[in-house]
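Colleague: I am new to this one. Please take me through it, one question at a time.

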Amino acid sequence: MFEPELSAEEFREKAAALLPETCIQHLESNNWKERISSMDTIQKTVREMKKSEIPCQALMRLLLQGHEETKLQVMQKKLHTITLLAQKANFSRTSAQIALESVVEMVGDVLCSSNAQGTLTAIAEACSLPWTAKTAMSLAFSQNNSRIHSKILDWLSKAILEFGFEGMQAKALVETLKIALAVVHSGVQRSAITLLGVIYLYMGESLRTLIESEELPLLPQIDAELKKLHGQVPPIPSRANPKLCPDVRGQEDPGNHRRTKSIDISDRITPELVSKLLKKNWTIQREGLEEVAGILQDARFIQPNIGELPRALRACLCDPNPTLVQMTLRVLQQLSTAMGSNVKQHMKDLGFPLIALFRESKSSVRAAALAAVNAWAAQMNILEWLDGQDISEDPGEELPLQKQELVQWLAEQLPMLKSAPSDLLWCVPHIYSSLQDSNRDVQRASQAALPFFIMHLGFKKMAEATSGLKAAAKAHVLAILENVNDSLSAKSTASAKSLSRRPRVTTTTTFSSVLITPPAATTLSSHASAKNAAPKTSREENQGPKELESGETVLKDTGLAKEKAEMNSTKKDGVSKLAPIFIVVPKGKEQRMRDEKNSKVLQWNFTAPSNRYVKQLKAQMSGCVSSSFQVELFHSSFPHHIKALAIMTRHLEIEKEGVISCLDLILKWLTLRFFDTNTWVLIKSLDYLNLLLTLLIQEKYQLMNNEAISFLPYLILKMGEPRQTVLRLVHAILKRMCLIYPPKKVFGFLVEGIKSSNTKQQEGCLVEMGYLLETYGLDVCEPSPSKALKRIAAFLGDQHSAVHRAALNIMVTACRTHGEALFKMIGDLPEEQMRMLGQTAKQEPYRSRVSSAKHFNTDDTCHNITSTINSLICRISSDDTDTSIQACTCVFRENKLAQEASVEVLKDVISSLSTLMVDFLDGHPEKDQKLIQSINVLMKRVLEKSDQTRIICALLKLLQDSLTAEGTPGEFSDLLAKCLLKTTQLLPATINTINLDEILLDADMLMKALPNETLRQHTNKLPLWALKTLLHHLCKLKGVKILDHLTLIGDSAGSEVEAYLQKTSYVKQGLANIQTE
């Protein structure tokens, strides 16, 4: 039967009846040995009891109350105790729910991960794997911790093999894996692909169909994993799911039990109970709430007649005690489930006050309110939430606030729905009414919701709905509609263009467009909306959003293109779609930099931007942007800022030179937006910043110091944000920054960021510092490894567990590379912290990082090969040239390491070495003979030891770049051609291991960029000869089967590569033989 959740008094009473008083007291002791002793007592007591006698939930609540544990030995003992309870007691899902949040967090802990995964398995044996996996995955991916994501996926892969796949929800799993595959952390991606492989063992080809329908990223890697497992059968399960968990029935979908007769509980809502709820004493109110919760649990399904209970619960919702409010919200969730659709009768008393709680400053209250609202929303349609008649009788100051919160909630709900609700069109008049509301906040909230109405209904229907408005109101609403629609269309077009330029193997889903990410969105709202989404009708498919590969959304309304064209012709937005918005001022950026350095203008350094900084930036931009565009940039209203961002997005590709010339000013303007309170503006600003970084990376632009200083410190401040949507964007942007700005300098800004008193910001900075250390090694530390690690070590004693854990993970990373030498760098630490690090050092074997030839160790893992080689490439042209070349030679001597180098890394290596070689040959070859020989040796190793598909593709791309760029030395192209000839000579030995489809695609792109006629006219004939020699040898080795590898070429029939292959004697002979047969 269902196990109700115990109150604080109940669980303490049950625990006191079972355990000595000292045992309970010592669980909260500051002495960690006393805490361990108490847990030993609990374990001993549990082992001696019968299964039916163990008060499992009470012991679980007792174990996990109080502060978060940071002592390693205590954490492990706690995990052992939870595991014992799961195995020995009647372990219900109520008990499991109490434990899972802590257990999932410990899965990401470096030292506790293995034990935590064992505890999850024990919980799965007690409560079933499907339920445990769903709950644990939801908890894991609600956190911004890549290690937790990776480890929870690894656990699930192992668990499915042990339990089998019966009862698992494949679609929900794949949707979560879509998020995992989109992150930038390669470990999470690998774990997700491994889990897909495990699922494939049970689902077979039906999984591939599901993957294609969900449009997962990294499809080539997924296909490779599934191909390896093709034909294999899953193992026989070694563990079993329980036939019936003690409270499974209590947590199943109540819709399956609606045939059960509803109970009238009005006689149990006594005047005494209502009086308890209305008392000013919160202890008595809590007793009343617990009594109501018990009534609802016993009754399961109730009739809508509940007397004075709604009025009393409303009073509890308004109580200043947040704990009492959260208890009330949980009761309201129960009420909606028990009453079903009849709960709408109580909207006036209870529904709208729920929305008002979204204003609460405490995140826990907002999350509880959101869960309650979603529970109520599941029982009725959206129109009933927007029916103004229900609240029009309650005048006063509360109405505008309720309207505002209601519309904001709606803005969060709509983007998550895959199809428009049938009654959504009837909600439009309410939105239009809010647009004209006298309250400014209500107007802003309704404007924020407009894009999502347009996404679902289309602009045409939204415009038609204004017909019932008065002339003045209609003109006002239509103007707002057109502005929002123009901004929405521009953003979608830019996103689609960005996608079209990139291959499917991309991580751009991490930077989702604001068009599907509502302001202040949370995991709870996303989950609830996705779960309740209705299937599309054919009519709705023509209007609804279309999900692209990156997760971004574009409009599919057939009439939208025409409407947009009509709008463009009117040019009502004041900024021409074709006229440039940026003005290139020669040496303008350099002059601004000198002015700031010489203190002729204010230095961009503030805790909050005053009006002086805004005026200065406006004056600086006046000569660099068009006047109409500047009006939008510095308007006092946030919709104009959103419009400015949409315009900049539209002009990003067509005005590259202008964007780069004004980059310092654009970054400063974005900094101002970081201080805006409007979430939509903030997210769209970060979205644009992501697109801007993509452009700078493509253009191989290196950020100047004054440009970085103008916005990086303020970007780091946003890591203190409570909103996960913002945090994900900020973390992703910081990782991309390292591609245009030295990682060492980024690290320096993060060191400053951890000085903040905001624990959320401290945690975020430490996580990013850990990423940089893992990716680039200790050389990235600023000002020095010793000083940086000492600052980080100071956080090992932090009371906040997330900050402590992030600092510990960094130390573990340092232990991996420097072992015992770490202690010499960080010096003296408190005894407990030294013991913790000492234990970590023993568990992590000594491994040296590839930083120079002197320190190179062939046992090093190849995880950081990309960053290592990039670091060495940067040094090749410096005074450290010889050492760096020798280190690179060591890297490419080892097959395991060399095979990890990507196409882009190999392009950089070959390009750097070829440029260096040309420089030396043009200078004094005799003097630099030794270095030239070193380069030759290294070049030979790169060509022979690298993955042959990647090295050939890298050479073809470099050839294309060198032959199409003006002013490229002929010697440079000659060197590339000779390298291509060298790899061609290796083809007889490598032909069965290379990906011919990718090679032929790059060859086709080269020939399209430089058609045959152009290549023949080229003064340098060696590149053409090298390309044809490559194609000739491929035909020689594969014969007519080479034609089967043109699958990646879009129009193979018109391809010059195919035309050349068809002409070779090997293919001609093969085709003739086929015709003869």
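Colleague: Is Asp676 buried, exposed or partly exposed?

Modeller: This is a predicted model, where local features need pLDDT of at least 70, side-chain atom pairs count only at pLDDT 80 or more, and totals for chains, interfaces and linings use all residues. Residues are numbered from 1 along each chain as its sequence is written, and side-chain values use heavy atoms, with hydrogens and water left out. Buried means under 20% relative accessible area, exposed over 50%, and partly exposed in between, with a 1.4 Å probe and protein chains only. Asp676 has 23% relative accessibility, so it counts as partly exposed.

Colleague: Which residue meets the side chain of Asp676 in a salt bridge?

Modeller: A salt bridge puts a side-chain nitrogen of Lys or Arg within 4 Å of a carboxyl oxygen of Asp or Glu. Here the N to O distance is 2.7 Å. The partner is Arg673.

Colleague: How many salt bridges are there by this rule?

Modeller: One joins Glu721 and Lys718, with the closest N and O atoms 3.1 Å apart. Glu721, at 10%, counts as buried, and Lys718, at 11%, is buried too. By the rule, the count comes to 24.

Colleague: How many residues apart in sequence are the parts tied together by Arg239 and Glu125?

Modeller: Their side chains meet in a salt bridge, at 3.2 Å from N to O. Arg239 lies in the loop between helices H13 (219–229) and H14 (248–251), while Glu125 is in helix H7 (residues 113–127), so the pair ties together parts whose separation is 114 residues.

Colleague: Which residues are linked with Glu125 in a network of salt bridges?

Modeller: Glu125 is partly exposed, at 30% relative accessible area. Arg239 is partly exposed as well, at 29%. The network links Glu125 with Glu162 and Arg239.

Colleague: How many disulfides does a search of the whole structure find?

Modeller: A disulfide is a covalent bond between the sulfur atoms of two cysteines. The search takes a pair of cysteine sulfur atoms within 2.5 Å. Cysteines are present: Cys738 is buried at 9%, and Cys1035 is buried at 0%. The number of disulfides found is zero.

Colleague: How many helices does the protein chain have?

Modeller: Helices (H or I, at least four residues) and strands (E, at least two) are DSSP runs, numbered from the N terminus. The chain has 1077 residues, and 53% of them count as buried. It has two strands, and its number of helices is 57.

Colleague: How far apart are the end C-alpha atoms of helix H18?

Modeller: The expected span is 1.5 Å times one less than the number of residues. H18 covers residues 322–339, which is 18 residues, so it should span 26 Å. The value in the model agrees: 25 Å.

Colleague: Which residue caps the N-terminal end of H18?

Modeller: At the other end, H18 is followed by Gly340, with a positive phi near 70°. A side-chain oxygen lies 2.9 Å from the backbone nitrogen of Thr323. That oxygen belongs to Asn321.

Colleague: What covers the buried residues of helix H16?

Modeller: H16 spans residues 282–299. Its buried residues include Leu289, Val292 and Leu296. Contact means heavy atoms within 4.5 Å. The cover includes H1 (8–18), H15 (271–278), H17 (309–317) and H18.

Colleague: What arc do the buried residues of helix H41 cover around the axis?

Modeller: In H41 (residues 785–793), the buried residues are Ala788, Leu789, Ile792 and Ala793. They lie on the same side of H41, because their arc, taken from the directions from the helix axis to the C-beta atoms, is only 135°.

Colleague: Is the peptide bond from Glu782 to Pro783 cis or trans?

Modeller: Pro783 sits in the loop between helix H40 (759–776) and H41. Omega is near 5°, and the bond is cis.

Key: A polar contact is a pair of N or O atoms within 3.5 Å; within protein, one must be able to donate a hydrogen and the other to accept it, and residues adjacent in sequence count only if both atoms are side-chain atoms.
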